Amino acid sequence: MLTGKAVLVTGGTGSFGRKFVEVVLEKYPQVKRLVVYSRDELKQFEMSQIYPLGKYPQMRFFVGDVRDKERLYRAMEDIDIVIHSAALKQVPACEYNPFEAIKTNVLGAQNVIENAIDRGVRKVVALSTDKAAAPINLYGATKLCSDKLFITANNFKGKHDIKFSVVRYGNVMNSRGSVIPFFIKKRPGGILPITDPEMTRFSITLNEGVNLVLYALTHMWGGELFVPKIPSYRIVDVARAVAPECRHEIVGIRPGEKLHEEMITETDALNTLEFDDYYVILPATPLWDVARFKEAFGGKHCERGFRYCSGTNTQWLTSDEIRGLIEKHIKEDLHTDQERQREDRRRLSLLQAAGHKAAGLQAVSERDEV
Ligand SMILES: NC(=O)c1ccc[n+]([C@@H]2O[C@H](COP(=O)([O-])OP(=O)(O)OC[C@H]3O[C@@H](n4cnc5c(N)ncnc54)[C@H](OP(=O)(O)O)[C@@H]3O)[C@@H](O)[C@H]2O)c1
């Protein structure tokens, strides 16, 4: 699907962007060009060390801001596909610097759209977040604007053969600034701050996020907002998974935070089709032919009153499952020193009992805590 295509990813040095590049180079090594577009030269330099030009002749690094329309125009020369992931996404920072968030997340989105049309790009997928559904903070509000800009861009593309779609999902495990790395950092202090014991979130891994974007690229009709069916977790279960030995301190919900996140509101559900692994929110514009879409892709309408909310989800991650995912995807050893020592003692006594004393001592000496 990406073989022979030139792809540009805005925010290519971010958590999503880095995983996207890794997956694309692995799955589609014959991609013609893979352009990373972002502001910070250092992050780009570090990434270019991982992907040296000699070994990855497809890779390009473009320093640029999505707010800078001219620079984006230059970067989009001969590009076939754009993935728009650049964003300001820290809720408190967006609250405190609202117009900065608007400039990047809203005006930047429109710059991507207009340049993509003018540069003959064929497909654009933009990343959205659950915080954009019925937003209560500025970050979510700017992402809702961005979603609407991308979906509506299908109406004013004129004769250009281009499609725009959006992929919306929830908390990405281990992305920059997310709760798991935060808890891991707090763990040595013995206390984890919990906003509210009832709080829930949707959870997705970076790999799943990238695969969903690739799925959207292959199947998009133009105008869909793809929402994956993903599990929820309780924040307290994340805390237990990261540091079962830590005490929890309830610090209260912060301004701009919801107790539960939503990906599809009750009103959105009126225009939503359900598939096996995901939902598609369709544009609520009369120009959009739902009947033709259903004929091509199938899907069934959601029932009246349906909403897709992290608090009423049917799929849940237990504390053990979260721990397994952290160990698999974040490669973090979550065992405490005491647990490690206990395990070492157990292994040693088993080996000694089996008469392998020498081998047992060697196995234990591999751990420097003992
Ligand atoms: N992480 C999550 O939990 C989550 C959940 C749902 C949706 N999303 C969405 O997924 C997307 C990617 O998120 P992420 O976690 O990868 O974020 P991230 O790690 O913070 O990365 C953001 C990227 O955007 C770039 N960027 C920021 N402002 C820019 C600008 N004005 N012009 C060009 N590049 C800019 C950053 O690089 P520079 O700073 O060097 O420019 C960085 O490469 C975002 O759209 C976000 O809303 C994220």
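Aspartate 78 is exposed, with 11 other C-beta atoms within 10 Å. This residue of the predicted model is found in the loop between α3 (69-75) and β4. Aspartate 78 has a positive phi of about 60 degrees, although it is not a glycine.

**Backbone and loops**

- Most residues other than glycine have a negative phi.
- Alanine 134, a residue other than glycine, also has a positive phi, near 45 degrees.
- The loop that holds alanine 134 runs between β5 and α6.
- Alanine 134 counts as partly exposed, because it has 18 C-beta neighbours inside 10 Å, and the cut-off for a buried residue is 20 or more.
- Proline 188 lies in another loop, between α7 (179-186) and β8 (191-194).
- With 8 other C-beta atoms within 10 Å, proline 188 is exposed.
- A distance of 47 Å separates the C-alpha atoms of proline 188 and lysine 5, which are 183 residues apart along the chain.

**The chain as a whole**

- The protein chain has 13 helices and 17 strands.
- Its radius of gyration is 23 Å, close to the 21 Å that the globule rule gives for 370 residues, so the chain is as compact as a globular protein of that length.
- The C-alpha trace spans about 80 × 55 × 45 Å along its principal axes.
- Of the 370 residues, 38% count as buried.

**The open sheet**

- Strands of a sheet pair through backbone hydrogen bonds, either parallel or antiparallel.
- An open sheet of 10 strands has mixed pairing, and its order is β3-β2-β1-β4-β5-β6-β10-β15-β14-β16.
- At its edges are β3 (59-63) and β16 (300-301), each of which pairs on one side only.
- Strand β2 (residues 33-38) runs parallel to β3, and 5 bridges join the two.
- Between these strands, valine 36 stands opposite phenylalanine 61 in β3.

- β5 is largely enclosed by the rest of the structure, because 7 of its 7 residues are buried.
- In a regular strand the side chains alternate between the two faces of the sheet.
- Both faces of β5 are covered, with Lys123, Val125, Leu127 and Thr129 buried on one side and Val124, Ala126 and Ser128 buried on the other.
- Strand β4 (residues 81-84) pairs with β5 in the parallel sense over 4 bridges.
- Isoleucine 83 stands opposite valine 125 in β5.
- Strand β6 (residues 163-169) is joined to β5 by 7 bridges, and the two run parallel.
- Valine 124 stands opposite phenylalanine 164 in β6.
- Helix α6 (residues 138-153) makes a right-handed β-α-β unit with β5 and β6.

**Strand β10 and its neighbours**

- In strand β10 (residues 225-228), Leu225 and Val227 point one way and Phe226 and Pro228 the other way, and all are buried.
- β6 and β10 run parallel and are joined by 2 bridges.
- Valine 167 has phenylalanine 226 in β10 as its bridge partner.
- β10 and strand β15 (residues 278-281) run antiparallel, with 4 bridges joining them.
- Leucine 225 stands opposite isoleucine 281 in β15.

**Helix α8**

- Helix α8 (residues 206-219) has 14 residues and reaches 20 Å from its first C-alpha to its last, close to the 20 Å expected at 1.5 Å a residue.
- The buried residues of α8 include Leu206, Gly209, Val210 and Leu212.
- Val213, Leu214, Ala216 and Leu217 in α8 are also buried.

**Around the ligand**

- Gly11, Gly14, Arg39, Asp40 and Ser175 come nearest to the ligand among the 30 residues around it.
- By class, the shell around the ligand has 8 nonpolar, 14 polar and 8 charged residues.
- At least two residues of this shell come from each of α1 (15-27), α5 (98-118), β5 (123-129) and β7 (171-172).
- α1 supplies the largest share of the shell, 3 residues.

Terms used. Residues are numbered from 1 along each chain as its sequence is written. This is a predicted model: local features need pLDDT of at least 70, side-chain atom pairs count only at pLDDT 80 or more; totals for chains, interfaces and linings use all residues. A residue is near a molecule or strand if its C-beta atom, placed from the backbone, lies within 6 Å of it. Ala, Val, Leu, Ile, Met, Phe, Trp, Tyr, Cys and Pro count as nonpolar, Asp, Glu, Lys and Arg as charged, and the others, Gly among them, as polar. A residue is buried if 20 or more other C-beta atoms lie within 10 Å of its own, exposed if 12 or fewer, and partly exposed in between; C-beta atoms are placed from the backbone. Two strands pair if DSSP finds at least two bridges between them. A crossover is right-handed if, with the strands pointing away from the viewer, the path from the first strand over the helix to the second runs clockwise. The expected span of a helix is 1.5 Å times one less than its number of residues. The radius of gyration is taken over C-alpha atoms; the globule rule is 2.2 Å times the number of residues to the power 0.38.
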